[in-house]
Amino acid sequence: MTFLNLIELEALARERLPRMTADYFAGGAADEITVRENRLSWSAPTLRYRVLVDVSQRDLSCTILGRNRESPIFVAPMAFQRLAHPDGELATVRAAARSRATMIVSTLSTVPMEDVRAATTDPIWFQLYIHKDRGITSELVRRAEAAGFEALVLTVDVPAQARRERDIRNGFHLPTDIPIANLSNAGIEHFPAIRDDSALASYVMGNFDPSLTWRDLEQLSQSTSMPVVVKGIVRGDDAKLAVSHGARAIVVSNHGGRQLDTSITGLEALPDVVAAVDAKLDVLVDGGIRRGTDIVKAIALGAKAVLVGRPVLWGLAIDGENGATRVLDLLREELDTAMALCGAPSLANITPDLIA
Ligand SMILES: Cc1cc2nc3c(=O)[nH]c(=O)nc-3n(C[C@H](O)[C@H](O)[C@H](O)COP(=O)(O)O)c2cc1C
């Protein structure tokens, strides 16, 4: 297993995965313009680095939701990780712990959330999809609380499932031996193949609630002791609404280009959101983060941390826990080097003037 960066590992992983799975991981909505733009956007800004700063000691720690963390790298919530490797989310959470990253476990995990939680003593977060059946939703929240998740990440950019044409073409579905482990109590843990369509799309349409409003965020934040993080915001006015309805942090995200194609990128959306929340809460960003310099730019624009998605799945597919660890370690090492080269010994030294 050799990969030198987070770009080249997709091709390696593809050799080990069925086409249906690799396309599901890589794909996005419609023409996949946002998938491409997410990646390209980070390469555009140039860095005005400082020189002759003592960078012999570098500190990658940050404070998010009031807790000090050793790294600003989070693993984005991603469904169905046992499609990548038999250990699935258990391998990912161990990899995150080894690399001092924070994992966010998806509602659509293929390992029960309690087992993922038990695999590490580090703080980890749980991502929530609100279901039409609010009994299912409150049960998920109750279980996440009981298991000791640090925060609840409410994803708000799936009022409908986008047309992901690769999944339609491949008839994307879950094999029966890989259920959605968190939903077995609800009896909706399987979605077998359906003819000429993505079974996931019909699953989402059938079960996720498209009637959600800010009131639901408020109710959710009042109903749980966990801080609620809202994921999927790309506008300053929405960020303000999130603050006033109880959010404690925001993830600026377009869902990795998997929802609204031609949507604004994280990099483009970040300054507006950061200005709108006026330091009242922490802002994180995701979408196309593949290089240490991408993280420097995100932080220079006001993000406290970043989420990385697909590369972790490719790493899992290549070599399970070790592969995912290598992905996260590479990104962390690249960030460390980029900080040295920018004359920024700590994340606090990554200031807006670093961007030309
Ligand atoms: C295969 C896959 C599954 C995903 N599943 C979820 C999910 O269950 N919940 C969620 O909030 N976001 C989900 N996402 C979106 C990611 O959390 C994240 O926003 C995105 O992947 C970041 O972009 P990147 O992959 O370019 O790093 C998924 C993304 C991928 C690639």
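Reply: By class, 17 nonpolar, 9 polar and 6 charged residues line the largest cavity. Here Ala, Val, Leu, Ile, Met, Phe, Trp, Tyr, Cys and Pro count as nonpolar, Asp, Glu, Lys and Arg as charged, and the others, Gly among them, as polar. Please note that this is a predicted model, in which local features need pLDDT of at least 70, side-chain atom pairs count only at pLDDT 80 or more, and totals for chains, interfaces and linings use all residues. Residues are numbered from 1 along each chain as its sequence is written, and side-chain values use heavy atoms, with hydrogens and water left out.

Me: What is a cavity here, and what is a pocket?
Reply: On a 1 Å grid over the protein atoms alone, a cavity is a set of points where a 1.4 Å probe fits but cannot get out, whereas a pocket is an open set with protein on both sides within 12 Å along at least five of seven lines; lining residues have an atom within 4 Å of a point.

Me: How much space lies in the largest cavity?
Reply: About 450 Å³. A volume is the space filled by probe spheres set on the points, which are joined across faces, edges and corners.

Me: Which residues are closest to its centre?
Reply: P77, M78, K231, H255 and R258 are the closest to the centre of the largest cavity, out of 32 lining residues.

Me: And the largest pocket, which residues lie nearest its centre?
Reply: Those are V156, D157, V158, P159 and G232, from a lining of 31 residues. The elements giving two or more residues to this lining are β6 (151–155), α9 (214–223) and β7 (228–233). Such elements are DSSP runs numbered from the N terminus: helices are H or I with at least four residues, and strands are E with at least two. The space in the largest pocket is about 610 Å³.

Me: Now the second largest pocket. Which element gives the most to its lining?
Reply: That is α3, with 5 residues. The second largest pocket has about 340 Å³ of space.

Me: Changing topic: in what order do the strands close into a barrel?
Reply: The order is β3-β4-β5-β6-β7-β8-β9-β10, 8 strands with parallel pairing. Two strands pair if DSSP finds at least two bridges between them.

Me: How many bridges join β8 to β9?
Reply: Strand β8 (residues 249–252) is joined to β9 (residues 282–286) by 4 bridges. V252 has V285 in β9 as its bridge partner.
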